[in-house]
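Have a look at the fold, then read on.

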Amino acid sequence: MQTVKIPVSIDPIRAASSQLSYEGLIPGKQLKRLNELSAGDCSDVTVSLECGEDIQGIVYLNGKAVTELTLNCQRCMTLFTTEVTVDFSFSPCGNEAEIDELPDAYDPIECNEIGEVRLHQLIEDELIVAMPLIPMHANESCGKGDQDIVVGEIEPSQEERPNPFAVLEKLKSK
């Protein structure tokens with residue numbers, strides 16, 4: 001299959017009835033929110049997407065997205081690159097009742113007023129959720145991996161505070 005640019009939006013019902021599948025790229029510079037969260041530009045996102053209808057008649061969008069991000073290690077404060085991969089399975093839903101009836105295998109997505117899904121935004125959201133919460137190198141490659149980092153000192157308290165359980169001790173002795 002030829003690698004092409006992934007469309008910005010698709011009609012999931014029409015794509016499922018045609019059993020469309022896409023393999024292509026989303027240019028990294030188009031994903032502004034993902035670029036803001038990374039320390040450098042993210043590479044182009046490789047996406048494979050399959051649209052169809054399962055045996056229960058549920059329209060689905062199954063796919064995988066892979067990109068490389070440059071992040072700032074929170075231990076040694078140097079840049080490193082990491083691969084972020086997400087597998088997703090969505091089904092368009094129109095109301096709360098449809099969302100409640102949707103099997104756990106699918107995540108609900110909302111279509112806009114003309115019945116389309118913004119595919120780039122959807123994939124960008126999934127990649128943002130899959131980013132590490134605290135980006136860091138592996139212990140072997142991090143310059144500060146095995147060291148404890150001390151940021152400041154805690155000075156001992158000079159004033160003596162009353163024991164809050166002293167009242168209970170008086171009651172106990174009565």
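Which residues does E124 touch, not counting residues up to four places away in sequence?

## A helix residue and its contacts

E124 touches L31, K32, R33 and L34, where contact means heavy atoms within 4.5 Å. E124 sits in helix α4 and is buried, with a relative accessible area of 6%; buried is under 20%, exposed over 50%, partly exposed in between, using a 1.4 Å probe and protein chains only.

This is a predicted model, so to speak of local features takes pLDDT of at least 70, side-chain atom pairs count only at pLDDT 80 or more, and totals for chains, interfaces and linings use all residues. Residues are numbered from 1 along each chain as its sequence is written, and side-chain values use heavy atoms, leaving out hydrogens and water.

## The sheet

Six strands make an open, mixed sheet, ordered β1-β3-β4-β5-β6-β7. Helices (H or I, at least four residues) and strands (E, at least two) are DSSP runs numbered from the N terminus, and strands pair if DSSP finds at least two bridges between them. β1 (4-5) and β7 are at the edges with a single partner strand each, so one side of each has no neighbour in the sheet.

Strands β3 (residues 21-26) and β4 (residues 45-53) run antiparallel, joined by six bridges. Y22 stands opposite L49 in β4.

## An aromatic pair

There are two aromatic pairs, meaning Phe, Tyr or Trp (six-membered ring) centres within 6.5 Å; planes under 30 degrees apart are stacked, over 60 edge-to-face, the rest tilted. One of them, Y60 with Y106, is stacked, at 6.3 Å centre to centre and 15° between the planes. Both Y60 and Y106 are buried.
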